[in-house]
Amino acid sequence: MTARPSSLGHVKILRGVALALVSVLAVAGCGDRPTTTAVAAEQAITPRAIAAVMLDHLPPDTTRREATYVDETSPRGYVGADFRYDGGGESDGDLVRVTLQRRSQSPSCEDVGCADLGDGVKLYWEEEVPEEDPGIVVLVRQLDDGVLHVLLAGPTITGDPRRQELKPTLDALTDLVTDRRLALRTSAETIAAGREVTDWEGGERDPTDLEQVPNDDRTVVTGFVYGWGDDWSYVGPAPGKKQLGAGSVGGRARVGPDFGPVGPGLIDALAAPRPPDWLETCLPRYQCWSRGPSHFVWRAAMGAAGCFLFGQSFHDRDEPLSVGLTTTRSRYEQAKVVAPGPG
């Protein structure tokens with residue numbers, strides 16, 4: 001599904017981008033006795049602790065409770081919990097998402113509806129696009145150590161949410177966003193309450209999953225094509241590696257007709273530590289075109305076209321499918337599983 005862009009930043013939940021390419025390159029004071037204080041007892045908040053606070057304000061009849069998805073594109077310190085209501089069959093249901101992060105940029109009121117609710121709380125909303133998007137409501141509160149978002153997605157938003165009957169109600173969401181337990185660091189009691197949350201489906205991310213590790217010829221291409229569909233197979237190292245010089249990695253995958261919009265054909269994904277010297281003058285028999293940090297190199301072929309895309313980085317912001325010298329440990333391990341064997 002291709003979604004319209006949202007002006008509400010990382011709280012966006014709709015995804016979808018289509019690519020058209022054949023080959024990709026990327027590159028205490030003295031003497032005082034120690035005392036136990038509330039600050040000293042605070043701990044990093046967990047998704048389950050957030051869920052415990054949510055249950056104090058929201059209806060308990062959820063159809064799913066889990067941690068908010070986190071990946072390498074998530075903001076620093078990003079942590080959250082998702083509740084689903086009225087889900088079943090092919091419907092995920094309505095979503096209430098509570099997230100915390102170290103900082104974020106508020107959208108412009110010229111782009112979305114907005115209102116100041118007082119007590120440091122701002123209300124933002126986007127109205128429905130019929131048959132495409134039901135709209136979204138977000139409450140934001142600035143904290144001493146970060147930013148708190150409470151999001152509602154699913155109910156049709158036809159105007160100012162303060163004049164609509166929502167489930168959960170806007171009053172409940174406002175009470176939730178002003179709960180002082182919701183902070184990047186919270187009390188031990190709140191953490192303990194999180195461990196008691198029932199019907200929890202997990203989803204917490206192991207921090208080591210997001211550590212950067214070196215790509216190899218196989219993982220640089222399989223880590224890319226894996227997210228676009230199943231109609232592909234790993235071929236081997238990419239012949240174009242020799243065009244990029246020492247330190248480069250690159251692999252080739254064969255894609256079938258279901259791998260739109262480029263299949264059937266071959267995809268080479270390569271990464272190099274620096275732009276090749278020939279980028280300034282282009283390769284013999286190729287054509288080159290540049291736009292900012294991205295450079296396109298192509299050559300016509302019989303019944304097909306070959307294309308190189310070179311840039312500092314290359315990924316889809318909504319579904320990160322990076323091409324680079326490094327990747328996250330989780331994506332590296334995933335690529336090894338879906339394309340086993342020597343690189």
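Analyst: Strands β7 (residues 121-126) and β8 (residues 136-142) run antiparallel and are joined by six bridges; strands here are DSSP runs (E, at least two residues) and helices are H or I runs of at least four, numbered from the N terminus. In this pairing, Glu 126 stands opposite Ile 136 in β8. A quick note on the source: this is a predicted model, where local features need pLDDT of at least 70, side-chain atom pairs count only at pLDDT 80 or more, and totals for chains, interfaces and linings use all residues. Residues are numbered from 1 along each chain as its sequence is written, and side-chain values use heavy atoms, leaving out hydrogens and water.

Stepping back, β7 and β8 belong to an open, antiparallel sheet of seven strands, ordered β3-β4-β5-β9-β8-β7-β6; two strands pair if DSSP finds at least two bridges between them. At the edges are β3 (64-67) and β6 (113-118), each with a single partner strand, so one side of each has no neighbour in the sheet. Neighbouring strands are turned by 15° against each other on average, direction ignored.

Now for the helix: α2 (residues 47-55) lies across β3, β4 (79-85) and β5 (94-101), at about 45° to β4. Such angles run from 0 to 180 degrees between N-to-C directions, with axes fitted to C-alpha atoms, for helices over the stretch in contact (heavy atoms within 4.5 Å). Seven of the nine α2 residues are buried, so the helix is largely enclosed by the rest of the structure; buried means under 20% relative accessible area (1.4 Å probe, protein chains only). Among them are Ile 50, Val 53 and Met 54. The buried residues of α2 pack against β3, β4 and β5, and also against α3 (170-177) and α4 (188-195).

Technical notes: Buried < 20%, exposed > 50% of the residue type's maximum accessible area, 1.4 Å probe, protein only.
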